[in-house]
Amino acid sequence: KPTDVTQNGFAGGISLGFIKDIPINEARTIGFGIGVGYSYNVIITNLKIIEDNDKSISFNIVDDYKYNRLKINSIELPIEFRWRNSSSTKYKFWRIYGGVNFTYNFMNKAEFSDDLNKLTIKNIEDYNKFQSALFITAGYSTWNLYFKYGLTPFFKDSYIGNEKISMSEFTLGLRFYIL
């Protein structure tokens, strides 16, 4: 991220999806997973996104504002390598799943307000619609820890002054599995 960009507040999100489990050994403890899902994320920073009259986008750092959010709606396609110590009769088991997640961002919206202005920009052209990330999920039974690291920056060739905006996603969360 650029030097002066800071996260302000708790960024949140939710993902829902389906993953097809494809076991590759007889005990069904090792396999692959291929899935599809929907994701909604909100990023809260001091990065103000401005659309000029000619529809060009510029970025500024702001210190004094009431509301500043980037909201993202995506379709996700995860591919996982899966290990677990389950059996055909044991539904509570340890698991470690890791892989790559391909994302298509079909809608984004930047909202900003301060004492003087209220701005809303939809479907920012500079936003990378196609992104990828590495992830790992680990835990026992239904609730599992989830880590995700974005390989693709949020924005294409975008700058604040001379500094490139190369922010990408880092997610820490909980993943809930229903068998």
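Asp-4 is exposed, because its relative accessibility of 53% is over the 50% cut-off. This residue sits in the segment before strand S1 (13–23). The model is predicted.

**Aromatic pairs**

The whole structure holds 10 aromatic pairs. Among them is Tyr-65 with Phe-112, a tilted pair because the planes stand at 45° and the centres lie 6.1 Å apart. Tyr-65 is in the loop between strand S4 (57–61) and strand S5 (67–84), and Phe-112 is in strand S6 (residues 94–113), so the pair ties together parts that are 47 residues apart in sequence. Phe-112 is buried, with a relative accessible area of 4%.

Tyr-127 and Phe-155 also pair; their planes meet at 90°, so this pair is edge-to-face, with the centres 5.6 Å apart. Tyr-127 lies in the loop between strand S7 (118–122) and strand S8 (130–140). Phe-155 lies in the loop between strand S9 (143–150) and strand S10 (159–160). The pair therefore ties together parts that are 28 residues apart in sequence.

Here are the two pairs in brief.

| Pair | Centre distance | Plane angle | Class |
|---|---|---|---|
| Tyr-65 and Phe-112 | 6.1 Å | 45° | tilted |
| Tyr-127 and Phe-155 | 5.6 Å | 90° | edge-to-face |

**Burial and clustering**

Tyr-127 is buried, at 1% relative accessible area. Phe-155 is buried too, at 2%. Ring pairs link Tyr-127 and Phe-155 with Phe-59 and Phe-154 into a cluster.

Notes: Residues are numbered from 1 along each chain as its sequence is written. This is a predicted model: local features need pLDDT of at least 70, side-chain atom pairs count only at pLDDT 80 or more; totals for chains, interfaces and linings use all residues. Side-chain values use heavy atoms; hydrogens and water are left out. Helices (H or I, at least four residues) and strands (E, at least two) are DSSP runs, numbered from the N terminus. Buried means under 20% relative accessible area, exposed over 50%, partly exposed in between (1.4 Å probe, protein chains only). Rings of Phe, Tyr and Trp (its six-membered ring) pair if their centres lie within 6.5 Å; planes under 30 degrees apart count as stacked, over 60 as edge-to-face and the rest as tilted.
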